[in-house]
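Have the structure open as you read.

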Amino acid sequence: MVDFRMPSLGADMEAGTLVEWLVKPGDQVKRGDVIAVVETQKGAIEIEIFENGEIEQILVDVNTKVPVGTPIARIRTVTETAAAAPTPQPAAGSEAPPAPAAQPSTARAPPSVAPMPAAGRERASPAARRFAKDHDIDLAGIAGSGPNGEIVLADVERSLSRPAPTKKKRAIGLDLDAMRVAIAAAMARSKREIPHYYLEHKVDLTAAEQWLAERNATLPPDARLLMSALTIKAVALAARRFPIFNGFYQDARLQPAAAVHVGIAIAIRGGGLAAPALHDADQLPLDQLMTRLRDLVQRTRAGRIRSSELSDATITISSLGDRGVDVLYGIIYPPQVAIVGFGKAVLRPWVIDGAIGPRSIITVTLSADHRVSDGHAGALFLAEIGKLLQEPGKL
């Protein structure tokens, strides 16, 4: 048996409010399943599970605020589930044989014996709960006719013949004031604890823009690539080659990440900001990367982010080129050790093969943690990003 605890969804998170359970006791779950929604200062976060097994018990009711690390559910792992042999059930209409006297058993209680519900939960059979959920029925208004007052399926079916009160859900959304507080705390910590150094590098995007125009010419709008897909892929590949910029500063040393999960700084209307991770960005083909990026931006602005997307980012990208900003210097999000900034692509006179001509030039910046890297490594990292952007067909 393992406890599933309130996860930490960022360096600035101390507690979260459990606003919705998407599973119930007895449900089978596997790694990556979303089992709950937790509201934090960054919005409503879909919480994923990292165990395969069965939900044994729900420990926290909805609308309860609990600190990070607090057990919120208990899970029977796959190994434990296989070891627990279920008690055989008599055939329908037959009389159950008497249990042997004084014989110890490790079998789980038969399904007809309802487990004690968590505080605030009505005692009901799994079938009754499933039917009630499918038909939006509030179990609190139903009298149970089963053993010890348990609500059974027939009780819920009968309730359809009369008006049933619906349970009022707590409104879930973005609290931008709380988000600003969280951003302020994280950025103040970053500037206080991390010795930043800053570099900039100018990159010729002319070839990349031409490549994009040719590729997108025959595609519908929803299938076209944006320049952001190329910049993300270039940073991800460079981070894989220079792992000193891809990881976390913890326990007074760099802990390089095993994968490249690029955090994308996304502005939220009204003044919010979040930087969820685009997982394994270095391995994604550009088409798939673009699809995931669109989905990530849409869900973030709607306040629906997955827990792993908030906690997994290993390096962050911030871009304000579409807002007319020429150069952007970011602030590192702890415990990460680097953030890459992209400004606006500007048409400038540029020397190519000894001749001056108009070229589309973008300024790429690096803000890095001087405790784990220095300017020499940073310059090589930026140069690698520039090289990759000038060879878009290889991305």
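## A ring to start with

Is Phe245 buried or exposed? This is a predicted model, and in it Phe245 has 0% relative accessibility, so it counts as buried.

Phe245 has a partner: it forms a stacked aromatic pair with Phe381, at 4.7 Å centre to centre and 20° between the planes. Phe245 sits in the loop between helix 6 and strand 10, while Phe381 is in helix 9, so the pair ties together parts that are 136 residues apart in sequence. Phe381 is buried too, because its relative accessibility is 0%.

## Another pair of rings

A search of the whole structure turns up three aromatic pairs. In one of them, Tyr198 and Tyr329 have ring centres 5.8 Å apart and planes at 85°, so this pair is edge-to-face. Tyr198 is partly exposed, at 36% relative accessible area, and Tyr329 is partly exposed at 40%.

On the helix 6 side, the contact includes Ala229, Ile232 and Lys233; on the helix 7 side, Leu289 is among the residues involved. The contact's residues divide into seven nonpolar, one polar and one charged.

Zoom in on Leu289, which is buried at 0% relative accessibility. Leu289 and Lys233 are 56 residues apart in sequence, yet 8.1 Å apart in space, C-alpha to C-alpha.

Conventions:
Residues are numbered from 1 along each chain as its sequence is written. This is a predicted model: local features need pLDDT of at least 70, side-chain atom pairs count only at pLDDT 80 or more; totals for chains, interfaces and linings use all residues. Side-chain values use heavy atoms; hydrogens and water are left out. Buried means under 20% relative accessible area, exposed over 50%, partly exposed in between (1.4 Å probe, protein chains only). Contact means heavy atoms within 4.5 Å. Helices (H or I, at least four residues) and strands (E, at least two) are DSSP runs, numbered from the N terminus. Ala, Val, Leu, Ile, Met, Phe, Trp, Tyr, Cys and Pro count as nonpolar, Asp, Glu, Lys and Arg as charged, and the others, Gly among them, as polar. Rings of Phe, Tyr and Trp (its six-membered ring) pair if their centres lie within 6.5 Å; planes under 30 degrees apart count as stacked, over 60 as edge-to-face and the rest as tilted.
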